[in-house]
Amino acid sequence: MSDFDTVLGLGDDVLIAAQRLAEWTSRAHDLEEDIALSNIALDLLGQARALLTHAGHLEGAGRDEDALAFLRDDRQFRNVLLVELPRGDFATTIVRLLFLSARLWERYTRLSQGEDATLAAIAAKAVKETAYHLDHAAQWTIRLGDGTEESHARAQRAVDEQWPYTFELTGESGRQAWLDRVVPVLDKATLTRPDPDPAFRPGGGRDGLHSEHLGYLLAEMQHLHRSHPGATW
Amino acid sequence: MVNVRDIAGGVLDPELPQLTIDELGILRDAHAEGQRAVVTITPTYTACPALETIRADIATALRDEGWAEIDIHTVFAPAWSSDWITDSGREKLERAGIAPPGAMPETGVRNLPLLPPPAPRCPRCESTDVEQLSRFGPTACLALWRCRGCAEPFEYFKSHLSCG
């Protein structure tokens, strides 16, 4: 993969994750968590803006962050499938945030020491935000998993349903570091770790092969920009 | 003409107007290159929505003092740290009812099992008998706490690791 593909994939991961997370704004179960999820979505959006801007520079074709975010169709997005799945219930969102943040933390840490100075600067900034998100998701996962019968059941279902998608998220090489970060949280949350070697491992996002959910997400995200080109606030 | 550093350094943060951007550690550099004013700022958080306003405010302040050619750069590296908030900035935060951040000696993510974050001191009564209400607040840099001593809620400027 070229540097452009790598940065674009990462930028798309956090952009789509931000858009999904923002769906909770004004809908969470209490004000504090509503603000928390919105804050995290905003952090991810900020990372996406920096990454997509940098991807545009690497590509050298004159595309800026807006062109990349708003003027591509689903087949041109390179995010992993996990981030585009419907947001589900609160447990689904929290477990997904745990899975994603654990992976992002590893990637940003490595990129912050890389040769691309611009990317290293973005990553060094983002890793601090990601550490906070990871901590938040871990605390909630423990509270839900080790909570009531209902919250435990929902958290376990959230883990079981999304686990297959984490293989695309981590890849082979990033698997162990990710497990080292996620499994202790699941253990503390009294949640059962699913089959470590399942046959069902959906993927293809990095090649632009997405689920139908992404199209609906993009329709909402891109509608304004495409209907009113050049619109400003 | 007034010194570029003094003009840019005097611009107030739009979210925390008690403090200048210099006191918040957002202003990284400001100097003149001939007739051109060159200013470099860094965001507290990547997505800080105040940054555009800060850029506009710096430009306005410079123009008011007669600078016509203005360059304002935004840099991410080195990443902003709450350790960069000056002593006068910390005093002003406390006077505004916002607990200033503690020093963050840690580097990297905290290991599991999770440790509680460092607790602030109530900016009103100085009690250390405080509890966290929410890890997130009205802006990316603030968290919500409550004092058990005087029973008042207050905001806490989150400590932010100095290096990833």
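Author: Let us begin with a definition: helices and strands are DSSP runs, numbered from the N terminus, a strand having at least two residues. The model is a predicted one. In these terms, B:Thr139 is found in the loop between E5 and E6 of chain B.

Reader: Is B:Thr139 buried or exposed, and with which residues is B:Thr139 in contact beyond its sequence neighbours?

Author: Buried means under 20% relative accessible area. B:Thr139 has a value of 13% and is therefore buried. Leaving aside neighbours within four places in sequence, its contacts are A:Asn39 and B:Glu15.

Reader: How do the strands E5 and E6 of chain B pair, and in what order do the strands of the open sheet stand?

Author: Strands of a sheet pair through backbone hydrogen bonds, either parallel or antiparallel. Here E5(B) and E6(B), the latter spanning residues 142-147, are antiparallel over 4 bridges; B:Val130 has B:Cys147 as its bridge partner in E6(B). The open sheet comprises 4 strands in the order E4-E7-E6-E5 of chain B, with mixed pairing. Strands E4 (98-99) and E5 (130-134) of chain B stand at the edges with a single partner strand each, so one side of each has no neighbour in the sheet.

Reader: What do E1 and E2 of chain B form?

Author: E1(B) and E2(B) form a hairpin with 2 residues between them, and B:Gly34 in the turn has a positive phi of about 65°. E1 (residues 27-33) and E2 (residues 36-41) of chain B are antiparallel over 6 bridges. B:Asp29, for instance, has B:Thr40 as its bridge partner in E2(B).

Reader: How many salt bridges does the structure hold, and which parts does the pair A:Glu106 and A:Arg181 tie together?

Author: Side chains of opposite charge can pair when their charged atoms come close. Over all chains the structure holds 21 salt bridges. In one of them, A:Glu106 and A:Arg181 have their closest N and O atoms 3.2 Å apart. A:Glu106 lies in helix H4 and A:Arg181 in helix H8 (residues 175-188) of chain A, so the pair ties together parts 75 residues apart in sequence. Both residues, A:Glu106 and A:Arg181, are buried.

Reader: Where do A:Asp135 and B:Arg135 lie?

Author: These two residues form a salt bridge, with closest N and O atoms 3.4 Å apart. A:Asp135 is in helix H5 (residues 117-145) of chain A and B:Arg135 in the loop between E5 and E6 of chain B, so the pair joins two chains. Both A:Asp135 and B:Arg135 are buried.

Methods
Residues numbered from 1 in each chain as written. Chains lettered and ligands numbered in written order. Predicted model: local features only at pLDDT ≥ 70, side-chain atom pairs only at ≥ 80, totals over all residues. Heavy atoms only, no water. Pairing = 2+ DSSP bridges. Buried < 20%, exposed > 50% of the residue type's maximum accessible area, 1.4 Å probe, protein only. Contact = heavy atoms within 4.5 Å. Salt bridge = Lys/Arg side-chain N within 4 Å of Asp/Glu carboxyl O.
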